[in-house]
Amino acid sequence: MEIRTIAPFLEYWESFRGRTRLVVSSIPPDKIDWTYAPGKFTLGDLARHLATIERYMYAETVGGNPSCYSGCGKELAPRHEDVIAFMDRLDNESIAIFRTLTDEDLQNKCVTPAGIRITVWKWLRAMVEHEAHHRGQIFIMLGMIGVETRPLFGLTAEEVRARSVSK
């Protein structure tokens, strides 16, 4: 997928992030600090990570600044409702930065934290892939603790199969 114009990308990103927010909202408040193993991200850490990496790495670097990501610790947003508000606030800040990009800016280069120069549209695409990766982790972790989640696109795999034509 090549991102040629910023407006449709932003519409897509806001919808994509909205689906992530629904998944994060399904985390039971008493499980925000749950993790599957000591030293691994908690459910809250993952949500805070998505917020901080979008804002302080992706938004900063596409804006021509160095990454200023400094982690995703509990001190940033300790409770479930704090995590949701934190995600919303940082997402709004990121969107404001992304809205300053022109279609021409998408062809410019930005510098990743690894020092690699990458085309802005490719870096934005990497942001989507990064979010999908961690959203999948949240889904799996919720399943591990028995939390039912809604399908992202309306139907479960079983419902799609039941409504499909056999070959």
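Predicted model: local features only at pLDDT ≥ 70, side-chain atom pairs only at ≥ 80, totals over all residues.

In which helix is the place of Glu 54? Glu 54 has its place in helix H2, where helices (H or I, at least four residues) and strands (E, at least two) are DSSP runs, numbered from the N terminus.

Residues are numbered from 1 along each chain as its sequence is written, and side-chain values use heavy atoms, with hydrogens and water left out.

Let me start with the overall layout. The protein has 5 helices and 2 strands, and along the sequence they follow the pattern α-α-α-β-β-α-α. Taken along the principal axes, the C-alpha atoms fill a box of roughly 50 × 45 × 25 Å. Of the 167 residues in the protein, 40% are buried, and here buried means under 20% relative accessible area, exposed means over 50%, and partly exposed is in between, with a 1.4 Å probe and protein chains only. If we take the contacts with a separation of 6 or more, 72% of them are accounted for by residues 24 or more positions apart, where contact means heavy atoms within 4.5 Å.

Now back to helix H2, residues 43-62. Its 20 residues should span 28 Å at 1.5 Å a residue, and the end C-alpha atoms are 27 Å apart, which agrees; the expected span of a helix is 1.5 Å times one less than its number of residues. H2 also bends by about 35° at Ile 53, the bend being the angle between axes fitted to the seven residues ending there and the seven starting there. H2 is mostly covered, with 19 of its 20 residues buried, and it is followed by Gly 64, whose phi is positive, near 90°.

Is Glu 54 itself buried or exposed? With a relative accessible area of 1%, Glu 54 is buried. Leaving aside neighbours within four places in sequence, Glu 54 is in contact with residues including Trp 13, Arg 17, Asp 91 and Met 127.

Next comes the nonpolar core. In soluble globular proteins, nonpolar side chains tend to be buried together. A nonpolar core is a set of buried Ala, Val, Leu, Ile, Met, Phe, Trp, Tyr and Cys residues joined through side-chain atoms within 4.5 Å. The largest one here has 24 residues, of which Phe 9, Trp 13, Val 62, Phe 98 and Leu 124 touch the most other members. Helix H1 (6-25), H2, helix H3 (80-99) and helix H4 (120-144) each supply at least two residues of this core, and the largest share, 6 residues, comes from H4. Apart from this core lies another, of 19 residues, among them Leu 43, Phe 86, Met 87 and Leu 90.

H4 has 25 residues and reaches 36 Å from its first C-alpha to its last, close to the 36 Å expected at 1.5 Å a residue. Within H4 we find Val 128, which is buried, with a relative accessible area of 7%. Just after H4, Gly 146 takes a positive phi of about 80°.

Arg 150 lies in the loop between H4 and helix H5 (157-162), and at 59% relative accessibility Arg 150 counts as exposed. Although Arg 150 and Val 23 are 127 residues apart in sequence, they are 8.0 Å apart in space, C-alpha to C-alpha. Not counting residues up to four places away in sequence, Arg 150 touches Leu 22 and Phe 139.
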